[in-house]
Amino acid sequence: MSINQQLREAIVRVLPEVDMVIGWGPGEDSLHQSPLFMKKPEDVDGFEAGSLSVHNTALYLPDLKGKKIGVVVKGCDSRSVGQLLAEKLIKRDELTIIGFPCRGVIDQDKVAKALADLTNGSIEPGEVRTADFTDEEVVVTAGFEGKEFRLARADVLADKCGRCEYPNAVISDIFVGEKIKTEAKDEYADLAAFEAMSLEERMAFWEKEMERCTRCYACRNACPLCVCRNHCIADSRDPQWLGQANGVREKLFFQIIHASHLAGRCTGCGECERACPVGIPVLLLKRCLSRGVEHLFFYKAGLDPEATPPLMTFEVEERRIKEREWK
Amino acid sequence: MAVFSNELRIVAFLCNWCSYGGADTAGVGRFAQSTDLRIVRVPCSGRINPLFIMKALTYGADGVLVSGCHPRDCHYAEGNFYARRRLETIKHLLPTLGIDPGRFEYTWVSASEGQQWQKVVNTFTGQIHALGPAPRLPESPGFENLLAECKAQGAVKTADDTEQTGGGA
């Protein structure tokens, strides 16, 4: 029995005890899925977990607090759930967590780019008719004649999946399938590559990237840990942290707000970056703080729902913080 | 003490109980200090939102200094312990944004340490002057610019324009 059949059975078993189960279902075309909210057994037919299950299902949990919820999670989603639990933003006894071994998800932007490169831009992602995913390849048919394109899976895999240390849900009540063993280690290679640039180049980089920003705040809305919702300080006029002006400074400062509010909380699920309609690498700022927190406080967000997040506590003698001499 | 002819903008956040008192002690003791510092008095270093620092640096400060009570000496017992974690964390963000991490420092100065305060001010000011004025992101377009741009495209007409062109119908 395939993983998806097992998952569907597990969901149907869980459904009577919960108000709904959150997973993934059919999307706008064969390259996309949408989040699926299953309330009745027949809703479960549309469920599928796979290479297109990009959405972080933990996103909806804080708003649904007080209801009994079943949630199907990839490894990264389960870390978001873990972090929300650690911060007591959701309740463990209201949740039924269904885990499965995730083989990584596809970055749709990379598929679009690969298709454009292969066809000199004559095929657009909206023209994809079918998409099949194997361990090695992504096979898509596209265009009027349904021409076939074979893309190496590794080339179109989301960046976060290439460095994923937790393909299996780190917390789950039901785990379907066999756990994947992985040797991957996230050494923040992307940050190291970025840091090959000088400070001036980095500032110029952000200035150039942020110019495209439309302040749509999709990054914020897609973030499972941005739990302030309508009370975001970026929207507040008193105090006014962020003006209405449309400059690079405002756009960048919003990203600084987002990153600093996620310090020690971000699990690196990459939803902010995926949601960005103009492709700004906003995850980089959050990863830079995650790396800092990991180094300073020996803490990786979302792994232990019982842990106290590092910025909500302190040690009188900090192990990694050196007092600075003023001479 | 070095006197700089080109004064830079340094914002200092000092806790009310120790460092602000320390700065006062330095003043009473007439310890000469560089004059680049603008002091913002806050109830406790634990009150300092790391975004205060980021906002100052993004919107034109050349340096930011934070000073509070020594660890274990906080007036509110543990405010500076939380502050220490936050400040140390936010320091990691600066180089990724292209801001020299030396533009932000934090320290502990008690109310009696007037001389230490003088040393901190002069050291930090010297450090910021060594780095020079901070590179700035471009100013956000103000209303005037936007209006001028719209006018240039013929999208907007104001009362003044109508008068200049001989009045509307």
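Over the face of which residue does B:Arg41 lie, and at what distance from the ring centre? Select B:Arg41 together with B:Tyr20, and you will find the arginine over the face of B:Tyr20, at 4.3 Å from the ring centre; a charge sits over a ring if NZ of Lys or CZ of Arg is within 6 Å of the ring centre and within 35 degrees of the ring normal.

Before going on, note that this is a predicted model, in which local features need pLDDT of at least 70 and side-chain atom pairs count only at pLDDT 80 or more, while totals for chains, interfaces and linings use all residues. Residues are numbered from 1 along each chain as its sequence is written, chains are lettered from A and ligands numbered from 1 in the order in which they are written, and side-chain values use heavy atoms, with hydrogens and water left out.

Next, select the strands of chain B, where 4 of them form an open, parallel sheet in the order E2-E1-E3-E4. Helices (H or I, at least four residues) and strands (E, at least two) are DSSP runs, numbered from the N terminus, and two strands pair if DSSP finds at least two bridges between them. Strand E2 (37-42) and strand E4 (104-108) of chain B stand at the edges with a single partner strand each, so one side of each is left without a neighbour in the sheet. Now look between E1 (residues 10-15) and E3 (residues 63-68) of chain B, which run parallel and are joined by 5 bridges; B:Ile10, for example, has B:Gly63 in E3(B) as its bridge partner.

Now move to the aromatic rings, which pair if the centres of Phe, Tyr or Trp rings (for Trp, the six-membered ring) lie within 6.5 Å, with planes under 30 degrees apart counted as stacked, over 60 as edge-to-face and the rest as tilted. By this rule there are 16 aromatic pairs over all chains. Select A:Trp24 and A:Phe100, whose ring centres are 6.0 Å apart with planes at 75°, so the pair is edge-to-face. Both A:Trp24 and A:Phe100 are buried, where buried means under 20% relative accessible area, exposed over 50%, and partly exposed in between (1.4 Å probe, protein chains only).

Finally, select A:Phe314 and B:Phe81, whose ring centres are 4.8 Å apart with planes at 15°, so this pair is stacked. A:Phe314 lies in the segment after H11 of chain A and B:Phe81 in helix H3 (residues 79-91) of chain B, so the pair joins two chains. B:Phe81 is buried, with a relative accessible area of 5%.
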